[in-house]
Amino acid sequence: MIENNSIEKIERNKALCEKYPFLTWRGDPLYIGSYSRDREPTYEFTWEDEVPEGWRKAFCPQMWDELKAILEKADYVNEFEFVQIKEKFGTLRLYSGACPEEIYKELSDWEAKYDELSTHVCINCGKPATQMTTGWITYVCDDCAKEISGRTVPIKDLDEYYKNPKKYWEEHQN
Ligand SMILES: [Zn+2]
């Protein structure tokens with residue numbers, strides 16, 4: 001997980017977490033025993049590192065600015081915590097812990113918005129996504145699709161593909 005603990009990286013992460021306290025990493029909350037709210041963060045890693053590179057390029061920092069604006073409404077910027085950030089079925093999933101009721105709806109909408117937006121952005125490089133990989137589903141651009149060994153389906157063909165994948169491949173040999 002920690003690939004580069006250079007002083008520059010730590011300084012950069014510190015500045016990031018000062019601006020967006022909810023990106024502070026205190027261990028993996030899903031890994032029992034590793035997480036503690038009281039633990040001093042090392043800043044070798046932040047929650048932003050959990051966002052795949054293409055989406056990080058495309059969505060950060062505006063995604064964090066939007067979250068901060070929502071949290072400020074409930075004075076919750078310093079209390080908010082992520083539970084998990086990951087890619088699932090090709091889209092960005094932002095899972096958070098408890099939050100005040102008055103911002104629950106807005107927070108859910110924010111999570112859903114980036115879940116949806118991520119299907120249009122290449123997970124590898126951040127360019128517009130044009131292809132879907134099959135098997136392990138991800139959305140990628142034409143250039144990144146060429147680097148992938150498995151078959152990809154143009155996003156414009158997805159309806160046709162899902163109707164009958166076998167028939168689709170018979171008609172589109174690639
Ligand atoms: Zn790409």
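Tutor: Here is a walk through that part, followed by the rest of the chain. Please keep in mind that this is a predicted model, in which local features need pLDDT of at least 70, side-chain atom pairs count only at pLDDT 80 or more, and totals for chains, interfaces and linings use all residues. Residues are numbered from 1 along each chain as its sequence is written.

Let us begin with the helices. Helix H3 covers residues 62–72 and helix H4 covers residues 101–117; helices (H or I, at least four residues) and strands (E, at least two) are DSSP runs, numbered from the N terminus. The axes of H3 and H4 come within 10 Å and cross at roughly 170°. Such axes are lines fitted to C-alpha atoms, for helices over the stretch in contact, with angles from 0 to 180 degrees between N-to-C directions. H3 and H4 are therefore roughly antiparallel to each other (angles under 35 degrees count as roughly parallel, over 145 as roughly antiparallel, 65 to 115 as roughly perpendicular and the rest as oblique).

Which residues meet there? From H3 come Met63, Glu66, Leu67, Ile70 and Leu71, and from H4 come Ile103, Glu106, Leu107, Trp110 and Tyr114, where contact means that C-beta atoms, placed from the backbone, lie within 7 Å. By class, this contact of H3 with H4 has eight nonpolar, no polar and two charged residues. Here Ala, Val, Leu, Ile, Met, Phe, Trp, Tyr, Cys and Pro count as nonpolar, Asp, Glu, Lys and Arg as charged, and the others, Gly among them, as polar.

Pro61 lies in the loop between helix H2 (53–59) and H3, and the peptide bond from Cys60 to Pro61 is cis, with omega near 5°. Asp75 is found in the loop between H3 and S1 and has a positive phi of about 55° although it is not a glycine. For comparison, most residues other than glycine have a negative phi, and most peptide bonds are trans. Asp75 is exposed, with 10 other C-beta atoms within 10 Å (buried means 20 or more other C-beta atoms within 10 Å of a residue's own, exposed 12 or fewer, partly exposed in between, with C-beta atoms placed from the backbone).

Now the hairpin. Strand S1 (residues 82–88) runs antiparallel to strand S2 (residues 91–96), and six bridges join them; two strands pair if DSSP finds at least two bridges between them. Ile85 has Leu94 in S2 as its bridge partner. The hairpin has two residues between the strands, and Phe89 takes a positive phi near 50° there. Phe89, too, is exposed, with 10 other C-beta atoms within 10 Å.

Finally, the setting. The protein chain has seven helices and five strands in total, and buried residues make up 18% of its 174 residues. The chain is divided into domain 1 (4–118) and domain 2 (131–171), with bounds from an automatic or database domain assignment. The C-alpha centres of domain 1 and domain 2 lie 31 Å apart. An open sheet of three strands has the order S4-S3-S5, with antiparallel pairing. Its edge strands are S4 (139–140) and S5 (152–154), each pairing on one side only. Two bridges join S3 (residues 131–133) to S4, and Met132 has Tyr139 as its bridge partner in S4.

How values were computed: Contact = placed C-beta atoms within 7 Å.
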